[in-house]
Amino acid sequence: MALSIKRQKDNRLIKCVLHRVADIPGGVTVSVVDLGGSALFEGTPIGKGQGGLYKVCKTAQVITDATATATTYEIAKGHHFKVGDRFAAEDANGQAITAIDKSDALKDVVTLGTTLGTAITAGTCAFESSGANKTLKVSPIAFAGSNEDVASGDNLFVSAWVIGVVNAANAPIVNATIKSALKGVVYV
């Protein structure tokens, strides 16, 4: 086993977890195979995957209004969507992502193969669905307890909290379905 030293600048990030009450002892290992982002943020909902690994419940905040015929949606940076994922909202069945433009420093533009068929307002929580439906692909049971960098090809170890208090303004966006699945987590 070789010694590896990584030099990086430590950036002060805004924290979203106000109180940590109960965690999964020893933390969890999150699979990074399906992640499209470069960082896993504190407060990100996670759920059980296969083989003892956990998966991220992918969400993104829509930042501009979109019409019922739109096939492109502007979303905030910090999401984990990849081409091929199903992009859905509470009022719209999931449609396959065909492209993601990450060239803008302030936002990403997601292009779908088919329109969602309903107007989407700014501030809406988009999520990854399990198909052409409104069902979450990953049902969350905990939230990530710290900010972690995602390294391609390596699984990610993170603390997983099942009971706690999260500041919704600083946390990754969640909808009512995710909040109800996280029974021990209070969003303020």
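1. Let's start with strand 10 (residues 107-112), where the side chains alternate. Asp 108, Val 110 and Leu 112 point to one face and are buried, with buried meaning under 20% relative accessible area for a 1.4 Å probe and protein chains only. Strands here are DSSP runs of E with at least two residues, numbered from the N terminus.

2. A word on the source: this is a predicted model, in which local features need pLDDT of at least 70 and side-chain atom pairs count only at pLDDT 80 or more, while totals for chains, interfaces and linings use all residues. Residues are numbered from 1 along each chain as its sequence is written, and side-chain values use heavy atoms, leaving out hydrogens and water.

3. Which strands pair with strand 10? Strand 7 (residues 72-76) does so in the antiparallel sense over five bridges; pairing requires at least two DSSP bridges between two strands. Here Val 110 is the bridge partner of Tyr 73. Strand 9 (residues 92-101) is also antiparallel to strand 10, over four bridges, and Leu 112 stands opposite Ile 97. Five residues separate strands 9 and 10 in their hairpin.

4. Do have a look at Thr 44, in the loop between strand 3 (39-40) and strand 4 (45-48). Thr 44 counts as buried because its relative accessibility is 5%. Its side chain reaches the backbone oxygen of Phe 41 at 2.6 Å. Leaving aside residues up to four places away in sequence, Thr 44 touches Val 56, Ala 142, Phe 143, Ala 144 and Pro 172, where contact means heavy atoms within 4.5 Å.

Terms used:
Buried means under 20% relative accessible area, exposed over 50%, partly exposed in between (1.4 Å probe, protein chains only). A polar contact is a pair of N or O atoms within 3.5 Å; within protein, one must be able to donate a hydrogen and the other to accept it, and residues adjacent in sequence count only if both atoms are side-chain atoms.
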